Amino acid sequence: MTSRLTRRQRRRVSQGVQYAVFAAAVAAVAVLADWERLRNQFAQRDLARELFPEIITTALRNTVVYTVSGFAFGLALGLVIALMRLSSVAPYRWVAGVYIEFFRGLPALLIFIFVGVAVPLAFPGTEIPGGTYGKVALGLGLVAAAYMAETIRAGIQAVPRGQMEAARSLGFSHARAMVSVVIPQALRIVIPPLTNELVLLFKDSSLVLFLGVTLEERELTKFGRDLASQTANSTPILVAGLCYLLVTVPLGFLVRRLEARTGRAG
Amino acid sequence: MDAGGRAEIEVRGLRKAFGDHEVLRGIDLEVARGEVVCVIGPSGSGKSTLLRCVNLLEEPTAGRVFVGGTEVTDPDVDIDAVRRRIGMVFQQFNLFPHVTVEENLTLPQRRVLGRDGEAAARVARENLERVGLLEKAAAYPAKLSGGQQQRVAIARALAMDPEVMLFDEPTSALDPELVGDVLAVMRGLAGDGMTMMVVTHEMSFAREVADRVVFMDGGRIVEEGPAEQVVGAPRQARTRDFLTRVLDPAAAAPPGPESAADRADRAP
Ligand SMILES: Nc1ncnc2c1ncn2[C@@H]1O[C@H](COP(=O)(O)OP(=O)(O)OP(=O)(O)O)[C@@H](O)[C@H]1O
Ligand SMILES: [Mg+2]
């Protein structure tokens, strides 16, 4: 059955069908969904207004603090693990390899529970410095470090070998050459994927939900959920979600810009 | 062994194998202070490997290397200290792309020699001046032509006050019209009495500047002597064969397609 349509005609027909399916789907959702109930449950304007400014000054602020501290800890640890992974000393490579597989293979939630429960049990009397903030930085950072280590390792290996050789031939020790020449270039290469990691961490900070936190320590998800149950209405959840998007969408945009730029440079 | 007063670079019974591929099969070579030695030879003959063994970028399998009387191959030697006295220039320049031209020169001085910022900047500017690129001090390497980058790389090595300079095909990655500027800088350096070991395919440079030319093939030195003799009137058939191919690639009959592929390989 050979069609007699030209290529251009066929393309038009195909596009027409796709638009039609899309329009039908939108129409079905618009007609079938109970918009009145959804609006009552999720978009109560008065309720939403009452969330401010606390949702920003406490919840969003805490989300940012948790994310940034987890990221900073994860980056430092990830860099160390990446260097261990590339070490000429075999036991360092093994330890780094096991760490990476271990923490990438476990749900982040499990790590959180572990940090919250097991660490105080295992080392009685020792408090994780920084209280909840320290626990969250540790929980988020331990997992993030595993992913960042692999990213950083790839970045270091992407720096041409000639850079290390040029540095060594000038009299740099291996360590100095790493610090002054290779790592600065590697970090430039990994800025886009690390920014991506930041977005993931920003969302993962919602796992704080499973640690006992005080009112002042609540982040967006916990805050939204607490207020939703207080008011028996889901509007706080919707507003919390919008707060996440307020940060993640621009960050995602930034990642794509950075990727385009390194793509051009490389 | 007394390697002291005699030669600036001394290579004794040098062997290097990668796995079971033996690339250097017993090299003996001396370079006197202030001497310019050009190393020529076909692709894969081990020229780069020889040069890289001199500053221990490659670890020799056997044999000894002395530079300025210090044994480079001594396992207990402070290799970073020895390398400070040996400048090296690579085919691919290997400038640090994340810092400016001036910082390419100051970073090693400060980090390795511990010079303070002001002294390092002064030395950097002197050496950029020397290669004719002072006006590019603030530029990033990517903004420079290949020839300019290579001259900066030479200046970067010189800023460390080396006693010896090693060049590994410094002009092979350059467009033909940029080769002259780099060779001019090297000629000046030779004129100033720098001890130099230069792997090159530029036969006119070898003829004009080299005190001695070494022809390598298959990991051995096949012929060595004054430039006018090795390049002008080679005794060995293999040297003659190589020179015909380098000096007039089109005229060399066999192995046509293979040597064309060789040349394509070498292009950056
Ligand atoms: N790191 C390495 N591992 C394995 N083999 C190597 C390595 N470096 C060089 N070789 C091999 O050693 C041989 C000699 O290489 P070398 O680079 O010294 O030759 P060359 O004379 O400099 O050639 P060219 O003119 O192409 O630069 C080649 O066959 C090469 O494949
Ligand atoms: Mg070579």
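How many nonpolar, polar and charged residues make up the shell around ligand 1? By class, that shell has three nonpolar, seven polar and two charged residues. Keep in mind as we walk through it that this is a predicted model.

Let's start at the ligand itself. The residues surrounding ligand 1 are F18(B), H21(B), V23(B), P42(B), S43(B), G44(B), S45(B), G46(B), K47(B), S48(B), T49(B) and E169(B). If you want to find these residues on the fold, look at β2 (21-32) and α1 (47-54) of chain B, each of which supplies at least two residues of the shell. Of the elements involved, α1(B) gives the most, with three residues.

Now zoom in on some individual contacts. A polar side-chain atom of K47(B) comes to 2.8 Å from an oxygen atom of ligand 1. The backbone takes part too: a polar backbone atom of G46(B) is 3.0 Å from an oxygen atom of the ligand. E169(B) also reaches ligand 1, with a polar side-chain atom 3.1 Å from one of the ligand's oxygen atoms. As for overall cover, ligand 1 taken alone exposes 630 Å², and the protein buries 64% of that.

The buried residues are K47(B), T49(B), L50(B), L51(B), R52(B), C53(B) and V54(B). Just after α1(B), L56(B) takes a positive phi of about 65°.

Next, the aromatic rings. Over all chains, the structure holds five aromatic pairs. One of them joins Y99(A) and F103(A), a tilted pair with 4.4 Å centre to centre and 35° between the planes. Where do Y99(A) and F103(A) lie? Both are in helix α5 (residues 90-105) of chain A, four residues apart, about one turn of the helix. An α-helix has 3.6 residues a turn, so residues three or four places apart point the same way. Y99(A) counts as buried at 16% relative accessibility, and F103(A) does so at 12%.

F215(B) is buried, with a relative accessible area of 0%, and F242(B) counts as buried at 6%.

Back in chain A, ring pairs link Y99(A), F102(A) and F103(A) into a cluster. A ring can also meet a charge: in chain B, the charged end of R156(B) sits over the ring of F96(B), 4.4 Å from its centre.

Our last stop is a loop of chain B. M160(B) is found between α5 (146-158) and β7 (164-168). Is M160(B) buried or exposed? With a relative accessible area of 5%, M160(B) is buried. Its C-alpha atom is separated by 7.8 Å from that of L113(B), a residue 47 residues apart from M160(B) along the chain.

Terms used: Residues numbered from 1 in each chain as written. Chains lettered and ligands numbered in written order. Predicted model: local features only at pLDDT ≥ 70, side-chain atom pairs only at ≥ 80, totals over all residues. Heavy atoms only, no water. Near = heavy atom within 4 Å. Polar contact = N/O pair within 3.5 Å; in protein donor to acceptor, adjacent residues only side chain to side chain. Areas by Shrake-Rupley, 256 points an atom, 1.4 Å probe, with all protein chains shown as cover. Nonpolar A, V, L, I, M, F, W, Y, C, P; charged D, E, K, R; others polar. Phe/Tyr/Trp six-rings, centres within 6.5 Å; stacked < 30°, edge-to-face > 60°. Buried < 20%, exposed > 50% of the residue type's maximum accessible area, 1.4 Å probe, protein only. Lys NZ or Arg CZ within 6 Å of the ring centre and 35° of its normal.
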